[in-house]
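Biologist: Can you walk me through this model? I would like to start with the overall fold and then go into detail.

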Amino acid sequence: MGKGWRATCHHQIDRYRFMTGEWFLNTSLLAFSIEQDADMLPDVLPNELNIPLVSERMKQTLERLTPFSVQCLRVQLKTRSGLSNYYLINILAVRRVEHLHKTNIFRTIRKRQVYFMTERIISESLGPHHILRDERTDRIFLSDTLARYLEQLTVTGVHFGEINRMEEII
């Protein structure tokens with residue numbers, strides 16, 4: 001997607017609270033705008049905050065499959081053809097990905113010590129969560145279950161890459 005496909009936020013938002021997974025209480029309706037027609041918008045919309053902004057369909061899926069890992073904050077998105085409901089996704093599960101699985105194999109990488117992961121992060125390495133934000137890199141990881149389900153739904157605006165080793169994250 002080229003220029004004009006990033007939604008603009010019209011509120012002052014504390015990104016730090018999103019990055020740390022802090023719960024938002026009593027949030028008012030947030031306003032965003034984009035210079036596109038509503039029927040052309042993808043399920044996951046890029047925005048200037050770099051916080052996941054998702055459609056109603058994506059929100060329902062996340063709430064059903066990851067009920068304790070996300071908070072959905074309603075956004076009124078002004079498009080060229082009218083208003084659309086979208087949601088900012090506050091990922092509540094924030095962990096150091098490298099600490100989820102530790103093995104006996106220990107390697108030093110770029111003057112830092114990390115645990116080499118013998119299991120795939122995208123599979124069963126997220127513990128009880130299907131979606132997780134790494135507290136060190138702010139990257140978002142999905143379980144294989146969630147990624148496959150979203151691919152089956154043909155969710156637009158996002159793609160998934162599989163990570164096999166810890167070195168691929170750093």
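Modeller: Helices here are DSSP runs of H or I with at least four residues, and strands are runs of E with at least two. On that basis the protein chain has three helices and 11 strands. Keep in mind that this is a predicted model.

Biologist: What pattern does the protein chain follow along the sequence?

Modeller: The pattern reads β-α-β-β-β-α-β-β-β-β-β-β-β-α.

Biologist: And how much of the chain counts as buried?

Modeller: Of its 170 residues, 43% are buried. The accessible surface of the chain is about 9700 Å², with 48% of that belonging to carbon and sulfur atoms.

Biologist: Now the sheet of six strands. What is the order?

Modeller: The order is β1-β2-β5-β6-β4-β3, in an open sheet with mixed pairing. At the edges are β1 (8–9) and β3 (44–45), each of which pairs on one side only.

Biologist: How do β5 and β6 pair, parallel or antiparallel?

Modeller: Antiparallel, over 10 bridges, with β5 covering residues 70–79 and β6 residues 82–91. Valine 70 stands opposite isoleucine 91 in β6.

Biologist: Which strands does helix α2 touch?

Modeller: Helix α2 (residues 56–65) packs on the sheet and touches β3, β4 (53–55), β5 and β6. Its direction makes about 100 degrees with that of β4.

Biologist: Which residues of α2 are buried?

Modeller: Met58, Lys59, Thr61 and Leu62. Viewed down the axis of α2, these buried residues fall within an arc of 165 degrees, so they line one face of the helix. They pack against β3, β4, β5, β6 and also α3 (144–152).

Biologist: Different topic: β10. Which way do its residues point?

Modeller: In strand β10 (residues 131–134), Ile131 and Arg133 point one way, while Leu132 and Asp134 point the other way. All of them are buried.

Biologist: Why would they alternate like that?

Modeller: Because side chains in a regular strand alternate between the two faces of the sheet.

Biologist: What does β10 pair with?

Modeller: Strand β7 (residues 94–95) pairs with β10 in the parallel sense over two bridges, and valine 94 stands opposite arginine 133. Strand β11 (residues 140–142) pairs with β10 in the antiparallel sense over three bridges. There, isoleucine 131 has leucine 142 as its bridge partner.

Biologist: How many residues sit between the strands in the hairpin of β10 and β11?

Modeller: Five, and in that hairpin aspartate 138 takes a positive phi near 65 degrees.

Terms used. Residues are numbered from 1 along each chain as its sequence is written. This is a predicted model: local features need pLDDT of at least 70, side-chain atom pairs count only at pLDDT 80 or more; totals for chains, interfaces and linings use all residues. Side-chain values use heavy atoms; hydrogens and water are left out. Two strands pair if DSSP finds at least two bridges between them. Contact means heavy atoms within 4.5 Å. Axes are lines fitted to C-alpha atoms, for helices over the stretch in contact, and angles run from 0 to 180 degrees between N-to-C directions. Buried means under 20% relative accessible area, exposed over 50%, partly exposed in between (1.4 Å probe, protein chains only). The arc is that of the directions from the helix axis to the C-beta atoms. Accessible areas come from the Shrake-Rupley method with a 1.4 Å probe; for residues, only the protein chains shown count as cover.
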